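Visitor: Please take one part of this model and look at it closely. I would like to see how it is packed and what surrounds it.

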Amino acid sequence: MRVLLTNDDGIEAGGLQALRKALLPLPGIQLAVIAPDGNRSAMARSITTRRPLWVQEVDFGDGTVGYATDGTPVDCVRLARLGLIEGFEAELVVSGINHGSNLGDDITYSGTVAAALEAIVLGLPGIAVSQQSSARELDFRRGAGFDFSVAAAFTARLVVELETVPLPSGTLLNINVPGTQPLGVEVARLGKRVYIDELALIDEGSEGRRLYRIYGDASYERDETGTDLVAVAEGKIAVTPIHFDLTDHEGMTALQRYDLARLIEPAASEVEPS
């Protein structure tokens, strides 16, 4: 299996390197690494369209190389898809290991999850892996103190068994590993974050310029059982299947019963010449 490894923390990040070393010796795995040249956290599905991308080969010092780019995590997946590495066409995209959790609503901001989403957009399976720090933070902001050994080993074993995992087409797996020794694995739905943000004035400059901080702490709905947030808080690895179909099918049914076509005639009459 041809596996593309990427992330949003940068090609030199400890999480990516731990996962690279876990995937590299697997039998039957051809591994390629394309990752940002620096931290691109919380860039979500942003892509680079208004300038060319720099790409540089990186020697990992163990006889293998990767490729660093000044683009985004999604750019990395697209570079691979469009033939950056001659003779390599990915069959699976693995993104991570992220420095910090990507849980609940935060996945929509995550560059780690975005790379795996790009995989399923391109018709490939994707796995996003995130590691909670020893501080047990519950958001995507980078903490301190990470042990990636369990997350790397778990993901490597999952990759080996991926063909037997009952994963529907067009679905990625979002994996979050707790900051302590895991007590088990729970297949969980996305939880609901509670953001405690505030607009805080930090400094004032010339010509009316002001410097604000707008992000605060985050918590979660503690009564929601079965969520990824609760699973990680209880010390379990949370595995959440995610697909890209954002259509509200129930909403479609309701709107189809509402006569939207009648809005065309009044709008048209308003622009008719007198």
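Guide: Two residues are in contact here when heavy atoms lie within 4.5 Å. The model is a predicted one. The part to look at is helix 1, residues 14–23.

Start with burial. Helix 1 is mostly covered, with seven of its ten residues buried. Those residues are G15, L16, Q17, L19, R20, A22 and L23. The cover over them includes three strands: strand 1 (2–6), strand 2 (30–36) and strand 5 (92–99). Helix 4 (149–160) is also part of that cover.

Now take one residue. A22 sits in helix 1. Its contacts, leaving out residues up to four places away in sequence, are A152 and A156. The C-alpha atoms of A22 and A152 are 6.0 Å apart, although 130 residues separate the pair in sequence.

Next, the core. In soluble globular proteins, nonpolar side chains tend to be buried together. The largest nonpolar core in this model has 31 residues. I127, V159 and I175 touch the most other members. Helix 1 supplies at least two residues of this core, as do strand 1, strand 2, strand 5, strand 6, helix 4, strand 7 (171–177) and strand 13. Helix 4 gives the most, with five residues. Another core, of 16 residues, lies apart from it; L79, I85, A90 and A119 are among its members.

Q131 counts as buried because its relative accessibility is 2%, and the cut-off is under 20%. The side chain of Q131 reaches the backbone oxygen of V177 at 3.4 Å.

Last, the open space. The largest pocket holds about 300 Å³. Of its 13 lining residues, I107, T108, L117, I242 and L246 are the closest to the centre. Helix 3 (111–121) and strand 13 (237–243) are the elements that give two or more residues to the lining. By class, the lining has eight nonpolar, three polar and two charged residues.

Conventions. Residues numbered from 1 in each chain as written. Predicted model: local features only at pLDDT ≥ 70, side-chain atom pairs only at ≥ 80, totals over all residues. Heavy atoms only, no water. 1 Å grid on protein atoms, 1.4 Å probe; cavity = no way out; pocket = protein on both sides within 12 Å on 5 of 7 lines; lining within 4 Å. Points joined across faces, edges and corners; volume = space filled by probe spheres on them. Helix = DSSP H or I, 4+ residues; strand = E, 2+ residues; numbered from the N terminus. Nonpolar A, V, L, I, M, F, W, Y, C, P; charged D, E, K, R; others polar. Buried < 20%, exposed > 50% of the residue type's maximum accessible area, 1.4 Å probe, protein only. Polar contact = N/O pair within 3.5 Å; in protein donor to acceptor, adjacent residues only side chain to side chain. Core = buried A, V, L, I, M, F, W, Y, C linked by side-chain atoms within 4.5 Å.
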